[in-house]
Every structure is written in C-alpha cells, then in structure tokens.
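Hi,

Here is the structure I promised to pass on. Have a look, and my notes follow below.

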Amino acid sequence: MFSRLLILISVLCVSTVSNASLLERFQQWSVDHNIELPSVEDGRFMHMLANWRDNDHLIAETNAKNLSYTLGHNKFSAFNREEFRALMNFEYNSALIGAAEESKVVASGPISLDLTVPASVDWRSKGAVTPVKDQMACGSCWAFSTTGALEGAYAIKNANLVSFSEQQLVDCDYIRAGGTSLGCNGGDMSSAMDWIGKNNGLCTESAYPYVSGTTKTNGACQKSCSIVSGSDVSKPVAVTANSDSAMMTAIAQQPVSIAIEADQSSFQLYKSGVFTGSCGTNLDHGVLLVGYGSSSNGDYYILKNSWSTSWADGGYMYIGRGNDPATGKPYNGNKGQCGLLMQGVYPAL
C-alpha cells in the first residue's frame, strides 16, 4: 500500500495532503457517476487519475474567472480531449455532418423570416421535448438530434409527445442496409430525415430500444415494429444559414436539429450559465435547439444534448446567442457559437 501511495504522489507531483484530498475526491467522483475504476496496479488507474486531475485544474481555473458560465465534473472527467473526441467519434461525424451539402435539404418551407418572434421560447414547458437521452459509447448523435426534432414536430402537430427510436435509424439508415449513415461512426440529420420519409415514419423507442451505446456498433435492421402514424417526414427543411433571426423564427415554431463543434474541453466539462467560451466551427456533433432566451449572463439558445443528465445542467446547455462578449461581434462571423447557425434543419410532417 505504501509503495502504491508513493507512486501516486510522484506522478501527481503534489503534496501528500493535497494528494490525499485529490484521491478522495477522485474516488467520490467515481461513486457519484457510477464509474468502475481499475485497480491501482493497473496502468489505466493512473492515466484516469491524471486526466481527472488536469480537468479538475481546468474547472477550478475557469470558475475562478467568474465568467458567464461554469465548468464541473461529470462522467467524462477522466477523459482527456483526444480520448473524448475518440469516444464520441467526432472525427467521423465531422466528415459526415460537417461536409453535409446544403443540397441535401430543401431550402424553402413553411417558415418565413419574422423579426417579431417572441422574446423567449422553451418547448420543454410546452410538452414538446422528451427527457434527455444518452448515446453512450456510440457516435450516434445524429440519430438523437433527428429523433428530437421529429418528437417536437410530432408533439406540436398531434398534441402527443412520443419518444422515437434512435436504434432504428442507427440500424436501418446504415449504408450497408441501403441508407446513408455509418451508424456509430456518424451520420447527418438531413439525410436521416430523408430516410424517415422514405420509410413512411419511425417506430417508438419502446418498440425498437436503443442498444448501440453498449454494443458500440449498429445491428441488423429490424422491420417488425409498427411505424407511428403521422411520423412520416414529407421533407427536411433548412434554416437559412448564419442568421440568428432565421434560427429564432424556426425555433419559435418547433425544435431544430443543428450541428456544432463540441470537441473543446470547456464544452466537455460545461456545467451551467451561458456558454461563451472559445469554440470553433468544425462541425462534429448533432444536437437539438429547443428554445432561446436571455439572462443576466447574456442571450442564449437552449441546447439539448444526448450525453445523459450527468452532463451540464441536467443534459442541457445554455449556449451564447447573438454577439460574442469577447469581441462585441457575432460569434464566429455570424456562424454562431460553436457553428450552431451553419446547418439548422427541421422535419416538415
């Protein structure tokens, strides 16, 4: 036991008192987030602890600046940035989501630009958003973003909130099954909405449950479940790119699927407040915007993620809208914080 402690102290390069506190908090974190730690003799233990320590420092340093947002520990705290990118298959998603051509979506639709949109919108309070889900160790964010948009559109039209199946998209909108996605290795929302249209709708989550988060791969396309009546997508509709007004107008009518860059450590560890941290436009993750509003920390969009309620504020991020406070100009030259204005799309039913 003594030799193990000496190894821990030498690797962490901190005092015995601080080290003991760090170890205790690391172990408590594993309990809080149901993380099974390897034995101390296993090299993975030291690697996880070192990553957790580095993220702990980043959290403390960032929060000491009293920014518009805070960071905090979550179930991803033992991953460094590169490992987190690999876990979420951001590289593959970047190739598919980021390279999605605008020709894949219909640029015209029922939405017309309206500068008199409400000051705030939150579809959660209107019964059009299902509970936060968890894609786990599968790069299926595109499927969760797509079902989220479909769930919103269906609930608004039918006054009935239904949880739709991501697994059906992962299995059936797969390139070897005649679809366009790579399953756990990425896809894009507009193509998934096209597939739903060709399939005349989607099954429910309960009828076709999600398992790829555990298996880490897609399965054979199952065709025994019943399609939900009225879930047929007539066409995916693009939101005019690089425009807050267009995005707010779209969100005022229904939740919107978007692509963002999510591979920053500050995004990985976001906890609360309006996220205004450094964030680029290399689109690598699909999420859902379910509203927008303003607070003392600034204007924001309400972003629903698919990383469980452990992440962020119960699975939601309040992400900067309008102008970047660091420059006084629109985020990323009108592309939005983390590129969120670049590829908005929603399903017309």
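Which side chain does that of Thr 276 join in a polar contact? The partner is Ser 68, at 2.8 Å (a polar contact being a pair of N or O atoms within 3.5 Å; within protein, one must be able to donate a hydrogen and the other to accept it, and residues adjacent in sequence count only if both atoms are side-chain atoms).

Before you read on: this is a predicted model, where local features need pLDDT of at least 70 and side-chain atom pairs count only at pLDDT 80 or more, while totals for chains, interfaces and linings use all residues. Residues are numbered from 1 along each chain as its sequence is written, and side-chain values use heavy atoms, with hydrogens and water left out.

Back to Thr 276, which sits in the loop between strands S5 (270-275) and S6 (285-295) (helices, H or I, of at least four residues and strands, E, of at least two are DSSP runs, numbered from the N terminus). Thr 276 counts as buried because its relative accessibility is 18%; the cut-offs are under 20% relative accessible area for buried, over 50% for exposed and partly exposed in between (1.4 Å probe, protein chains only). Leaving out residues up to four places away in sequence, its contacts include Tyr 69, Asp 324 and Tyr 331 (contact means heavy atoms within 4.5 Å).

Next, the largest nonpolar core has 78 residues (a set of buried Ala, Val, Leu, Ile, Met, Phe, Trp, Tyr and Cys residues joined through side-chain atoms within 4.5 Å). Among the members that touch the most others are Met 247, Phe 275 and Trp 307. Helix H6 (residues 141-158) gives the most to this core, seven residues. Another core, of ten residues, lies apart from it, with Leu 22 and Phe 45 among them.

Just after H8, Asn 200 takes a positive phi of about 65 degrees.

Finally, H6 gives the most to the lining of the largest cavity, with six residues. The lining divides into four nonpolar, seven polar and four charged residues (Ala, Val, Leu, Ile, Met, Phe, Trp, Tyr, Cys and Pro count as nonpolar, Asp, Glu, Lys and Arg as charged, and the others, Gly among them, as polar).

Cheers
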